[in-house]
Number of protein chains: 2
Amino acid sequence: MPAEAKVSAKVNKVAKVDARVTAPASPPLTERQEARRRRILHASAQLASRGGFDAVQMREVAESSQVALGTLYRYFPSKIHLLVATMQDQLEHMHGTLRKKPPQGETAAERVAETLMRAFRALQREPHLADAMVRALTFADRSVSPEVDQVSRQTTAIILDAMGLEDPTAEQLSAVRVIEHTWHSALITWLSGRASIAQVKIDIETVCRLIDLTAPGVDP
Amino acid sequence: MPAEAKVSAKVNKVAKVDARVTAPASPPLTERQEARRRRILHASAQLASRGGFDAVQMREVAESSQVALGTLYRYFPSKIHLLVATMQDQLEHMHGTLRKKPPQGETAAERVAETLMRAFRALQREPHLADAMVRALTFADRSVSPEVDQVSRQTTAIILDAMGLEDPTAEQLSAVRVIEHTWHSALITWLSGRASIAQVKIDIETVCRLIDLTAPGVDP
DNA sequence: ATCAAGTCTGAAACTTGTTCTAGATTAGCG
DNA sequence: CGCTAATCTAGAACAAGTTTCAGACTTGAT
């Protein structure tokens, strides 16, 4: 029989969170394992905050989190997996934070733009961390699809929250997907210094207009 | 004084191409150097076509193109630079091809969507090559900004061509940027198996609606 | 033709992500 | 408590991107 295993059963998040945005509870972890995982994610975020993607070196992460290199790889099968998991972690925080103060805009488009700009400002406070996470996200190959998909669902949830919709139409979901595309790509252009903050703002506002365009009753 | 240098002066492309999309003529290359550069790019594209990003190994590129590793690095200071240059190369071909058969759509949005879908189908024929190029493009850091920017300008030129515009408004340029964002990001989701071809098509068509939205006379 | 400066080559070294191994630890069960 | 399977650790080993270096080769100028 397994060793460190099935001990916890209280790992569930904030309780009422939509099942589609909560990670599939794979083999439950021991408390010590949960602690290790946290230490690793913490070290990852910390190193990323310093020097971005390149500063997150697996040996350093292992050392900082007091874990052997082999163990690190058991928890996160690659650097990309690790950074995407770090992003999931940060996104959860963000979603929680955003929930507390819903956007004030009149239209759905305004609220979504406001929400994304708020998230953007948060990223600006830790540009290196943003760099590491976003680069990992877009560089991820098929082996990371489930995790990246999870991040995508979480992002979708945040946007739908901002729109204040119960059940969006297929058209609206398309618009949301396009908004996500723009969001990721605009972040990249900003991170690599090819677009200014103002530019990103304009792009976000521009793409959010799609929401009004696809509002029920318009162009049905 | 330099050795292999200033010999050519006929390196200019197809002649009438807009200056904004033609690379800044850095130190002109000898014919042999131009030939080396071509061999390298060819080897890069060939290896990429086989196995995508990972299959483009610098040692192999060097060997395939009959060039020492150090020389390869002199021409392209990193694997990312090499692949982005490969993309520039391919994009030029593509732009040339697209020019020949302009899209038939009624509206600008239709023509842009048609053009992008045509490009998409071309990429589908060499999915591994697409993988290598797009991954490199989005993974590129600041040190590759000039080259990535060049690719972006070329892409913009293709889209503006499809729209058939002389001098676009600022608003239209925003829409074009958003379309490019969507284009890149949608490609990534397709390449990593998280979106189907149909999905990409829908996203492209959705974002192209922004063009009509920003047409002069609408929402001035 | 000769020379100085810049290029190219071949090979080794270095870096960082990833894999592998042997032995020490830990968890849960009887 | 003692057993067994799984996990963890330390460290070596491997792979591919990148750097470095000494020596051979080209080039344009004198």
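Start at the N terminus of chain A and follow the elements: they run α-α-α-α-α-α-α-α-α. That makes nine helices and zero strands. Keep in mind that this is a predicted model.

Stay on chain A and colour by burial. Buried residues account for 50% of its 220 residues. Switch to the surface: chain A exposes about 11300 Å², with 54% supplied by carbon and sulfur atoms. Now show contacts. Of those in chain A between residues at least 6 apart in sequence, 70% join residues at least 24 apart.

The largest nonpolar core holds 136 residues. Select Leu72(A), Leu82(A), Val112(A), Leu72(B), Leu82(B) and Val112(B), which touch the most other members. Zoom in on Val112(B). Beyond its neighbours within four places in sequence, Val112(B) contacts Ile159(B), Ala162(B), Met163(B), Ile179(B), Cys208(B) and Ile211(B).

Now the charged pairs. The whole structure has 18 salt bridges over all chains. Select Glu171(A) and Arg209(B): their side chains form one, at 2.4 Å, N to O. This pair crosses between chains, from helix H8 (residues 170–191) of chain A to helix H9 (residues 197–213) of chain B. Glu171(A) is partly exposed, at 26% relative accessibility.

Move to helix H9 of chain A, where Lys201(A) and Glu205(A) sit four residues apart, about one turn of the helix. Their salt bridge spans 3.4 Å, N to O. Lys201(A) is partly exposed at 36%, and Glu205(A) is partly exposed at 37%.

Go to helix H5 (residues 108–125) of chain B for Arg118(B) and Glu114(B), also four residues apart. Last, select Asp149(A), Arg153(A) and Arg194(B), joined into one network by salt bridges that share partners.

Conventions:
Residues numbered from 1 in each chain as written. Chains lettered and ligands numbered in written order. Predicted model: local features only at pLDDT ≥ 70, side-chain atom pairs only at ≥ 80, totals over all residues. Heavy atoms only, no water. Helix = DSSP H or I, 4+ residues; strand = E, 2+ residues; numbered from the N terminus. Buried < 20%, exposed > 50% of the residue type's maximum accessible area, 1.4 Å probe, protein only. Contact = heavy atoms within 4.5 Å. Areas by Shrake-Rupley, 256 points an atom, 1.4 Å probe, with all protein chains shown as cover. Core = buried A, V, L, I, M, F, W, Y, C linked by side-chain atoms within 4.5 Å. Salt bridge = Lys/Arg side-chain N within 4 Å of Asp/Glu carboxyl O.
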